[in-house]
Amino acid sequence: MKQNVGGVDRIFRFGVGFLCLALFFVNDELAWKMIFGIVGVAGLLTAVTGYCPISDLLKIDTTGKK
C-alpha cells in the first residue's frame with residue numbers, strides 16, 4: 001500500500017475521527033451512533049496508516065510526492 005494521505009490531511013482526519021468517536025459515545029440514537037462510529041473509525045484508520053482507498057480511486061495524493 002502506498003501512502004496517499006499527507007501531513008495536514010492526516011491531522012485533519014485524526015481530529016475528525018476523534019471527534020466522531022467522542023460523539024459516538026455521547027449520542028443515544030442508534031442511526032447517529034452508527035454514522036459517527038463508521039466515520040470515526042475510518043478517519044482514525046486513514047490517519048494512522050496514511051492510506052485512503054477512496055482517495056486512491058479518485059487519484060488524490062496529498063503527500064506532496066511527485
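Helices are DSSP runs of H or I with at least four residues, numbered from the N terminus. The views below come from a predicted model, where local features need pLDDT of at least 70, side-chain atom pairs count only at pLDDT 80 or more, and totals for chains, interfaces and linings use all residues. Residues are numbered from 1 along each chain as its sequence is written, and side-chain values use heavy atoms, leaving out hydrogens and water.

View 1. Start with the term itself: on a 1 Å grid over the protein atoms alone, a pocket is an open set of points where a 1.4 Å probe fits, with protein on both sides within 12 Å along at least five of seven lines. Lining residues have an atom within 4 Å of a point. The volume of the largest pocket is about 190 Å³, counted as the space filled by probe spheres set on the points. Helices α1 (7-26), α2 (30-49) and α3 (53-57) each provide at least two lining residues. Which helix gives the most to the lining? That is α1, with five residues.

**View 2. Who is who in the lining.** Look for D9, F12, R13, V16 and G17, which are among the lining residues, as are C52, P53 and I54. Sorted by class, the lining holds seven nonpolar, three polar and two charged residues. Here Ala, Val, Leu, Ile, Met, Phe, Trp, Tyr, Cys and Pro are nonpolar, Asp, Glu, Lys and Arg are charged, and the others, Gly among them, are polar.

View 3. R13 belongs to helix α1, while A47 belongs to helix α2. Is R13 buried or exposed? R13 is buried because its relative accessible area is 17%, and buried means under 20% (1.4 Å probe, protein chains only). A47 is buried too, at 8%. Leaving aside residues up to four places away in sequence, A47 touches R10, R13 and F14, where a contact means heavy atoms within 4.5 Å. On the same terms, the contacts of R13 include V5, L44 and S55.

View 4. Rings of Phe, Tyr and Trp (its six-membered ring) pair if their centres lie within 6.5 Å, and planes over 60 degrees apart count as edge-to-face. This rule finds three aromatic pairs. One of them joins F24 and F25 edge-to-face, at 5.0 Å centre to centre with 85° between the planes. K33 lies over the face of F24, 4.6 Å from the ring centre; for Lys, this needs NZ within 6 Å of the ring centre and within 35 degrees of the ring normal.

Note on methods:
Rings of Phe, Tyr and Trp (its six-membered ring) pair if their centres lie within 6.5 Å; planes under 30 degrees apart count as stacked, over 60 as edge-to-face and the rest as tilted. Buried means under 20% relative accessible area, exposed over 50%, partly exposed in between (1.4 Å probe, protein chains only).
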